[in-house]
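Dear colleague,

Please find below the structure that I am handing over to you.

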Amino acid sequence: MLRASLIEMMQEDFIRTARAKGIGERRVLLHHGLRTSLVAFVTMFGLDFGALVGGGALLTEVVFGLQGVGKLTYEALQTLDLPMILATVIYASFFVVMANFVVDVAFVFIDPRARDVR
């Protein structure tokens, strides 16, 4: 995904302008191209990480008999243990929200357009 985004980004006008100004190819690639391409990559990584840690492994844990939050949630759903279901949903929600927060903070460092929000 990062490679495809970087290839697409290297065709943009601002990359052409940076090259025309005489900036070195390495700086154009790393500073202009990669920083802009990282936005999509960081978004997907953050969402996937939050879902995985937050209980997205439920199916894997149940099928392979692994002990974890996913299997705990599955067993609580089978027995209708409402306090445990509530606890695992809050646990999963916490990690999803924290992953989104980390992604938003990372955007400030990656994308210069996100710094000047008024």
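**Findings**

Of the 118 residues in the chain, 23% count as buried. Please bear in mind throughout that this is a predicted model.

As to overall form, the chain has a radius of gyration of 21 Å, whereas a compact globule of 118 residues would have one near 13 Å. The C-alpha trace spans about 65 × 35 × 15 Å along its principal axes. The accessible surface of the chain amounts to about 8400 Å², and carbon and sulfur atoms account for 68% of that surface.

The secondary structure consists of six helices and zero strands. Read from the N terminus, the order of elements is therefore simply α-α-α-α-α-α. Among contacts between residues at least 6 apart in sequence, 51% join residues that are at least 24 apart.

The largest nonpolar core is made up of five residues, namely Leu6, Met10, Ile15, Ala18 and Val28. In soluble globular proteins, nonpolar side chains tend to be buried together. One member of this core, Leu6, also has contacts beyond its neighbours within four places in sequence: these are with Leu29, Gly33, Leu34 and Ser37.

Is Thr43 exposed or only partly exposed? Its relative accessibility is 26%, so Thr43 counts as partly exposed, since that class lies between the limits of 20% and 50%. The side chain of Thr43 reaches the backbone oxygen of Val39 at 2.8 Å. Leaving aside neighbours within four places in sequence, Thr43 is in contact with Val103 and Phe107.

Finally, I would draw your attention to Leu80, found in the loop between helix H5 (69–79) and helix H6 (82–110). The phi of Leu80 is near 55 degrees, a positive value in a residue other than glycine. Most residues other than glycine have a negative phi. Leu80 counts as exposed because its relative accessibility is 63%, and the limit for that class is over 50%.

With kind regards

Key: Residues numbered from 1 in each chain as written. Predicted model: local features only at pLDDT ≥ 70, side-chain atom pairs only at ≥ 80, totals over all residues. Heavy atoms only, no water. Core = buried A, V, L, I, M, F, W, Y, C linked by side-chain atoms within 4.5 Å. Buried < 20%, exposed > 50% of the residue type's maximum accessible area, 1.4 Å probe, protein only. Contact = heavy atoms within 4.5 Å. Polar contact = N/O pair within 3.5 Å; in protein donor to acceptor, adjacent residues only side chain to side chain. Helix = DSSP H or I, 4+ residues; strand = E, 2+ residues; numbered from the N terminus. Rg over C-alpha atoms; globule rule 2.2 N^0.38 Å. Areas by Shrake-Rupley, 256 points an atom, 1.4 Å probe, with all protein chains shown as cover.
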